[in-house]
Amino acid sequence: MPASYFHFEPPMVRFLLQNGEPLILVDVRERDEYAQGHLPNAINLPLGTVEESAREVLPDKTASYIVYCQGGRRSALACGFLCEQGYTDVIMMDGGIDRWPYEIAQGR
């Protein structure tokens, strides 16, 4: 049975990032959505490419990945897939970027 993923609220994600936790942010929205605004230092891995690109883009299956999208649906799908593929520390940011009231980076 694949591992399940965790759910963190945006304030918890921000707290962990500010305290130097080694988290990798993964934005699973489309490239144009990412360009309009994303969490600083996030990797863009659109949901439609997760299956074919996760192994290359996210090579360490033991790293801590925070996955988010616009509101939560796409990130839930991506988190489920990553867990099925053996990733062991997958965290979904509940509510996606819609609920992130902090700094947003622009561009690609």
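Predicted model: local features only at pLDDT ≥ 70, side-chain atom pairs only at ≥ 80, totals over all residues.
**Entry 1: cysteines**

I count a disulfide as a pair of cysteine sulfur atoms within 2.5 Å. With that cut-off I find 0 disulfides in the structure. Residues are numbered from 1 along each chain as its sequence is written, and side-chain values use heavy atoms, with hydrogens and water left out.

For burial I use relative accessible area: buried is under 20%, exposed is over 50%, and partly exposed is in between (1.4 Å probe, protein chains only). C69 has 1% and is buried. C83 is buried as well, at 5%.

**Entry 2: overall layout**

Helices (H or I, at least four residues) and strands (E, at least two) are DSSP runs, numbered from the N terminus. I get 4 helices and 5 strands for the protein. Along the sequence they follow the pattern β-α-β-α-β-α-β-α-β. The radius of gyration is 13 Å, close to the 13 Å that the globule rule gives for 108 residues, so the protein is as compact as a globular protein of that length. I take the radius over C-alpha atoms, and the rule is 2.2 Å times the number of residues to the power 0.38.

The C-alpha trace spans about 35 × 30 × 20 Å along its principal axes. Of the 108 residues, 46% count as buried. I define a contact as heavy atoms within 4.5 Å. Among contacts between residues at least 6 apart in sequence, 68% join residues at least 24 apart.

Two strands pair if DSSP finds at least two bridges between them. On that basis I read an open sheet of 5 strands in the order β1-β5-β4-β2-β3, with parallel pairing. Which strands are at the edges? β1 (6-8) and β3 (43-44) are, as each pairs on one side only.

I then went through some of the pairings.

- β1 and β5 pair in the parallel sense over 3 bridges, and F6 stands opposite I91 in β5.
- β2 and β4 are parallel over 5 bridges, and V26 faces V67 in β4 as its opposite residue.
- β2 and β3 run parallel and are joined by 2 bridges; the bridge partner of D27 in β3 is N44.

Strand β2 (residues 23-27) is mostly covered, with 4 of its 5 residues buried.

**Entry 3: helix α4**

R74 lies in α4 (residues 73-84). The helix has 12 residues and reaches 17 Å from its first C-alpha to its last, close to the 16 Å expected at 1.5 Å a residue. The expected span is 1.5 Å times one less than the number of residues.

Which residues of α4 are buried? I list R74, S75, A78, C79, F81, L82 and C83. The buried residues pack against α2 (31-36), α3 (47-57), β4 (64-68) and β5 (89-93). An α-helix has 3.6 residues a turn, so residues three or four places apart point the same way.

I checked R74 separately. R74 is buried at 16% relative accessible area. Leaving out residues up to four places away in sequence, R74 touches V28, R29, E30, E33, L47 and C69. After α4 comes G86, with a positive phi near 100°.

V13 is in helix α1 (residues 10-18) and is buried at 0% relative accessibility. Excluding residues up to four places away in sequence, V13 touches F8, L25, I66, M93 and W100. V13 and I91 are 78 residues apart along the chain, with their C-alpha atoms separated by 9.4 Å.

Is D98 buried or exposed? D98, in the segment after β5, is exposed at 55% relative accessibility. With residues up to four places away in sequence left out, D98 touches Q70 and G71. D98 and Y68 are 30 residues apart in sequence and 9.8 Å apart in space, C-alpha to C-alpha.
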